[in-house]
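Dear colleague,

I am handing over the structure we spoke of, and would be glad if you looked it over before reading my notes.

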Amino acid sequence: MSKSTAEANKDIAYRLSNNLARLLREFSKDFERRIWRQLNEQGYPEIRPAHVQVFANLGMGSVRVSDLAERAQVTQQAMGKMLKELERLDFIARDIDSADKRAKEIRLTDKGIQLAVDSMKIVDEVYAHYRERVGAEELTALETQLRQVVDKLELEYLPESWTAEQD
């Protein structure tokens, strides 16, 4: 017995809405929504989700704008616009690159470092919420499995300078 068109369409819609990519995206959106809400409540209403492209790729050192844009997979113009905004808000500073006087290096200011510290506390709180709701073992297993998959697929999600051997 074959399915009716309506039943076939329902199956297709279900598979489009209920798959690994969608599940990962929904979890990610919930995680980020919780972080943004708490950042706003803790006095960072000016920080927007787009700024993650800077903070997730900058680290605690300094980096050139071109490298930062490449890491974030955005154009230098788009990165420059975000950097101007974050500089105006005093979260980052631009310094002349000591190796190339024509280039600018980006680094966190004291206010930017405090944001990073506060963000890590918030991430810990969000993890605690998920541990309570899902269970510590399940959450740890999920993260471990995702890391293993990312490693097996050889996906490069961390800047090279963060994973290089230290002297």
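From the N terminus on, the protein chain runs α-α-α-β-α-α-β-β-α-α-α, which amounts to eight helices and three strands, where helices (H or I, at least four residues) and strands (E, at least two) are DSSP runs numbered from the N terminus. This is a predicted model, in which local features need pLDDT of at least 70 and side-chain atom pairs count only at pLDDT 80 or more, while totals for chains, interfaces and linings use all residues. Residues are numbered from 1 along each chain as its sequence is written, and side-chain values use heavy atoms, with hydrogens and water left out.

The C-alpha trace of the protein chain spans about 75 × 35 × 35 Å along its principal axes. Of its 167 residues, 27% count as buried (under 20% relative accessible area with a 1.4 Å probe, protein chains only).

Apart from neighbours within four places in sequence, L39 is in contact (heavy atoms within 4.5 Å) with Y44, I47, L115, S119 and I122.

Definitions and conventions
Buried < 20%, exposed > 50% of the residue type's maximum accessible area, 1.4 Å probe, protein only.
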